[in-house]
Amino acid sequence: MLTVQSLTKTFSTDDAEVRAVDDLSFQVQPGEVYGLLGPNGAGKTTTLRMVLGLLEPDAGFAEVDGVRTESDPIGVKSRLGFVSASDGVYPWLSVREMLLYFGDLYGVAPSVAAQRCEDLATLMGIEPFLDRRAGTLSTGQRQRVTLVRGLIHDPPVMLLDEPTRGLDVVGVQTIFDYIKHLRDVGKAVIVCTHRLDEAQRLCDRFGLLHRGKLQHAGTMTDLKEATGREHLVEMFVDLMKENA
Amino acid sequence: MRLWRLSHKELKETSRDRRTIITLLMMPLLVYPLLSMAMNRYLLTSDAEAVPYKIGVENEADGRWVQEILQSPDSTPPEEVLKSAGGQMAEFELFNTSDTLDGKPTTVSDSISRGTIDVGIESEGDPKSYRLYAFRGDLRSQNARRIFVERLQWYQLSQLEKAAPQVVAPEFEIVDEGEEQNEPILATIVPLVLVLMTITGAVYPAIDLTAGERERGTMEALMASPVPRFQVLLAKYFAVVVIAMLTAIANLAAMFTTLWLGGLLPLLTGSDVFPWLQVLQILGLLVLFSGFFSAVLLSLTSFARSFKEAQAYLIPVMLLSLAPGMLSLLPGVKLSGPLAVAPLINIVMLAREVLSGTVVPAAATMAVISTIGYAAAALSIAAHLFGSDAVTRTSDQSFASLLKRPKRWTAVPTPQTAAMVLALLVPIYFVCSNVLMKYLSGMRSIMLGSLDDLPLDSAVALQSRSMWLSATTLILVFGLIPLLATWLGRSRLLSTYRLHRPGVLAIVGATIVGLGAWAVAHEAFVIADALGIGGLSEKRIADTRKMLEAWQIIPPWVLLLTLAVTPAVIEELCFRGFLFSAVLRVMSPLRTILLTSFLFGLFHVLTGNALLIERFVPTFLLGLILGVIAYRTGSVIPGMAMHFVHNGLLEMVGHYYKQLEFIGADFDNQTHLPPHWIAIATTIAVAGMAIVWFAGRRRTLLVP
């Protein structure tokens, strides 16, 4: 289970201070898919990076399975899986070598990692090119490899940052299937996206983020009640107008 | 083990890359043969049109033999060979050394030594065998002989072709005159080659494994993994070192092979034997060079956001590195004083001195240790920069961020900070203690003569001044630098310096250890001396005696304050406080104790320009005892008590030396203590340790 409590981050440039994330709190339960939604620059990625320990928050913390980022950042990292649309591969390593490398980084015993690699390869259909150099893979194949990479250490919480960006219909469908699988096996999942239509189909609960602040949160029903709108897109347009 | 697997991955990744292969193999395979061809051509032709070579013989018969060969068309190389050498044949001029103008006949070997001829020929026996003399290390003389031998071989070959089996070709032997050269050309060229080749080898993998991670988009996933950044970087570092070494080895192998095949090797090494020893020495130096450059390059490429940016950073570094490389070409520059700690310059000079066999152990050790320090500092900078920028597109990390205090308080400093502090301590302490020594010897010369000639009161004044100055240096260097780092890293003083209040029993126990430990240190010293580790020269023993005499007059409180209180407080705070808590973050307690003791011993060795190697074993052992006390009690304070009692006891014994003679004490530095003394002192020390051990342990603050 993931808890985010009062996370705050301010970036200072030479002439101004930008509050990228402002007192953000939410929880995600096992087997639940939480959509952290917002336009570009809303603070979604910054939030994920603070949860991942890549950025130090100015205030607040994230807690994964009872372990807090501030007291045990390494412990938190080892309990998180992370997949981003901009993920790359090591072109000169084979897919298997790369997956085992990440298994090693996450402290998975080599024999266990090898077995998980096989199982996940079957699940995601990357078996045929497990021993090919990653540099020779197509975009779709690479995407599936990075999805497997995120799961190699079997984390209880998965973070997905704009997972469908730049993908075709088949690629998007792969992501959908992947998220369904994560929900089925009881992972707590956060999906950051600005593709509201997709989010509406995928997520159980939503957090609408704008200018670093959580504007609305809850299930689709909750959001409809709170905003009087049917679709996420309309809710957002309203939000943007209010804050313009 | 995991570090090895991580390094293995980096190595696999970079070695499969075509670009690595190109720098690794193409350069040596193509460049050296081409260079060698050009050089051979130059050597064959350069002197041909100029002054003829002087060839000397001792008698008419030999003169006729030489004439016959040189004038015979059979000794002319085939046209193709001649053409490749520029179509010109070298001219020879014949001299009879027994028939000189001043009427003094000389042998050819004398004439060679005097430089009156370039090549000399001497015969003996029947059938005749010939000796061909040239001067060792003289390019012109060696060339003259090489060309004559070639002509001779063409001549003999064609004689054989004329099917005259009854004609037995005379045997000849190659003899070199002159001393073996102290500094073969190899010693001046190889350091430069090492600089160039390790940089060439390290550049690509360094960029690829750091800035390349960002370009490939793998950085974020890597940084999100639960591996400390330093470990990730260390794995990359090992891979870069390996590639840099392989590149340099490939280059050196190609260089030696082409020189050897081209017959040019003796010109470089000054002898005809293949230089196996030098090859081994070069391999050792290679580790140092690649270790240094890989760390420096990684620290720069970690800062870069892209391949392009990394290359832009590296070009000035490569150019800058050439200057110290060139230094090895300058005669007369020696590895000593500040040069011994000057980054890169020191290893270039070290390489030259190792290869010419003139290495000074103290300066060499200093060069190696400071280079390791620089590499560690560069790596800690790299670890600080690596990845931090890749994930924060909006933040602007700069070099200034290294000096920016973090916003949050931390309990203990990071290992990187500790490495940084160590890297600073080595050169600063070196400079400070050297300045101190210089100042004191300056004072001494003002007071006339050496220490032996000084009247006792001047010696005492000098001694007490030196003690005050040493104590001040200790506070300024080992006290201030870690303190500054603690402030800069916003670490809490209490936990960084392990200033927790210990139990009374722990202090009592540690004090008792201090009463007995000196015997252990003394015995360690004597045993180490017997084993040949350190040991005192006559001069040092005389100095020590003089110092002891001075100690008897200096007031005891001055002795205690400067030689017991200050070291006990400052050294404990630095080694068992700051460094201990930082290292304990990443190492097991045992390793932490071993490492801090090793460093403790090392800094006692590096004093002034001399290396007091004899101090290593005793201080290392004391470091171990102090380390165990510090770990067990969770505090630096009992160690201070022990350290103070230990040092104080020695000084008081020194001060009251005369009064103590009645108990039969013999404080000779080189003899074992009487067995009952050892037994009593050891019992006291062990009893003290037992009290410390059972004094109720305070948990050591362990913060990740």
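Author: Helix axes are lines fitted to C-alpha atoms over the stretch in contact, and angles run from 0 to 180 degrees between N-to-C directions. Helices (H or I, at least four residues) and strands (E, at least two) are DSSP runs, numbered from the N terminus. This is a predicted model: local features need pLDDT of at least 70, side-chain atom pairs count only at pLDDT 80 or more, and totals for chains, interfaces and linings use all residues. Residues are numbered from 1 along each chain as its sequence is written, chains are lettered from A and ligands numbered from 1 in the order in which they are written, and side-chain values use heavy atoms, leaving out hydrogens and water.

Reader: At what angle do the axes of α4(A) and α5(A) cross?

Author: Roughly 140°. Helix α4 of chain A spans residues 110-124, helix α5 of chain A spans residues 139-151, and their axes come within 10 Å. The two are therefore oblique to each other (under 35 degrees is roughly parallel, over 145 roughly antiparallel, 65 to 115 roughly perpendicular, the rest oblique).

Reader: Which residues of α4(A) and α5(A) meet?

Author: Contact means heavy atoms within 4.5 Å. R116(A), L120(A) and M124(A) of α4(A) meet R144(A), L147(A), V148(A) and L151(A) of α5(A). The contact residues divide into 5 nonpolar, no polar and 2 charged. Ala, Val, Leu, Ile, Met, Phe, Trp, Tyr, Cys and Pro count as nonpolar, Asp, Glu, Lys and Arg as charged, and the others, Gly among them, as polar.

Reader: How do α22(B) and α24(B) pack?

Author: Helix α22 (residues 556-584) and helix α24 (residues 616-633) of chain B make an angle of about 55°, with axes 11 Å apart. That makes α22(B) oblique to α24(B). Their crossing is right-handed. E572(B), R576(B) and F580(B) in α22(B) meet G623(B), L626(B), G627(B), A630(B) and Y631(B) in α24(B). This contact has 4 nonpolar, 2 polar and 2 charged residues.

Reader: Now the sheets. What is the strand order in the open sheet of chain A?

Author: Strands of a sheet pair through backbone hydrogen bonds, either parallel or antiparallel. Two strands pair if DSSP finds at least two bridges between them. In chain A, 6 strands run in the order β6-β7-β8-β3-β9-β10, with mixed pairing. The edges are β6 (80-84) and β10 (213-218), each with a single partner strand, so one side of each lacks a neighbour in the sheet. The twist averages 15° from one strand to the next. β6(A) and β7(A) (residues 157-161) run parallel, joined by 5 bridges. V83(A) stands opposite L160(A).

Reader: Which strands does α1(A) touch?

Author: Helix α1 (residues 44-52) of chain A touches β3 (33-37), β6, β7, β8 (188-193) and β9 (205-210), and makes about 145° with the direction of β7(A). Helix α8 (residues 220-227) of chain A lies across β9 and β10, at about 115° to β10(A).

Reader: And in chain B, what order do the strands of the open sheet take?

Author: The order is β2-β1-β3-β4-β5, with mixed pairing. β1(B) (residues 53-57) and β2(B) pair in the parallel sense over 5 bridges. V57(B) stands opposite N96(B).

Reader: How much area is buried between chain A and chain B?

Author: Buried area is the accessible area (1.4 Å probe) that two parts lose on being put together, summed over both. Here it is about 3,100 Å², with 56% from carbon and sulfur atoms. Y90(A), W92(A) and L105(A) supply 23% of the area that chain A buries against chain B, more than any other three residues.

Terms used. A crossing is left-handed if the near helix is turned anticlockwise from the far one by less than a right angle, and right-handed if clockwise.
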